[in-house]
Amino acid sequence: PSAIDRIMASRMGEASIEALMEGQRNVMIGIQNGKIVYVPFAKAIKHDKGIDRGALELVKILSI
């Protein structure tokens, strides 16, 4: 993981603890426009984006 990945994980971990302390339940922690957001699980699973076939092909190539 890069430094940015570690910072993002730390921010999201902190937000997760804060959410629990605030009594938030059944939410996913995310980052939207650089800000931490709580997204209800029900809303998160409604947005099915499908698979990016180009990215899948790239994974296959790189995994050889």
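Visitor: Which element gives the most residues to the lining of the largest pocket?

Guide: Strand E1 does, with four residues. Keep in mind that this is a predicted model. The lining consists of Met28, Gly30, Ile31, Gln32, Val37, Tyr38, Val39 and Lys43. Two elements, strand E1 (27-32) and strand E2 (35-40), each give two or more residues to this lining. The space in the largest pocket comes to about 170 Å³.

Visitor: What makes a residue count as part of that lining?

Guide: A lining residue has an atom within 4 Å of a point of the pocket. Tyr38 and Lys43 are among the residues listed for the largest pocket, so each has an atom within that distance of a point.

Visitor: How do the lining residues divide into nonpolar, polar and charged?

Guide: Five are nonpolar, two are polar and one is charged. Lys43 is in the lining, and Lys counts as charged. Gly30 is there too; Gly counts as polar.

Visitor: Why is Asn33 called exposed?

Guide: The cut-off for exposed is over 50% relative accessible area. Asn33 has 78% relative accessibility, so Asn33 counts as exposed. Asn33 sits in the loop between E1 and E2.

Visitor: What is the phi of Asn33?

Guide: Phi is about 55°, a positive value, although Asn33 is not a glycine. Most residues other than glycine have a negative phi. Asn26 also has a positive phi, near 60°, and is a residue other than glycine.

Visitor: Where is Asn26 found, and why does that residue count as exposed?

Guide: Asn26 is in the loop between helix H1 (3-21) and E1. Its relative accessibility is 58%, and exposed means over 50%, so Asn26 counts as exposed.

Visitor: Why is Met12 called partly exposed?

Guide: Buried means under 20% and exposed means over 50%, with partly exposed in between. Met12 has 23% relative accessibility, so Met12 counts as partly exposed. Met12 lies in helix H1. The C-alpha atoms of Met12 and Lys49 are separated by 23 Å, and the two residues are 37 residues apart along the chain.

Visitor: What makes Arg6 exposed?

Guide: Arg6 has a relative accessible area of 53%, and the cut-off is over 50%, so Arg6 is exposed. Arg6 lies in helix H1. From C-alpha to C-alpha, Arg6 and Ser63 are 24 Å apart in space, and they are 57 residues apart in sequence.

Visitor: Which residues make the nonpolar surface patch of about 320 Å²?

Guide: Leu58, Ile61 and Leu62 make that patch. Leu58 is in helix H3 (residues 53-62).

Technical notes
Residues numbered from 1 in each chain as written. Predicted model: local features only at pLDDT ≥ 70, side-chain atom pairs only at ≥ 80, totals over all residues. Heavy atoms only, no water. Patch = residues over 30% accessible without salt bridge, like charges linked within 9 Å, V, L, I, M, F, W, Y side chains within 5 Å. Areas by Shrake-Rupley, 256 points an atom, 1.4 Å probe, with all protein chains shown as cover. Salt bridge = Lys/Arg side-chain N within 4 Å of Asp/Glu carboxyl O. 1 Å grid on protein atoms, 1.4 Å probe; cavity = no way out; pocket = protein on both sides within 12 Å on 5 of 7 lines; lining within 4 Å. Points joined across faces, edges and corners; volume = space filled by probe spheres on them. Buried < 20%, exposed > 50% of the residue type's maximum accessible area, 1.4 Å probe, protein only.
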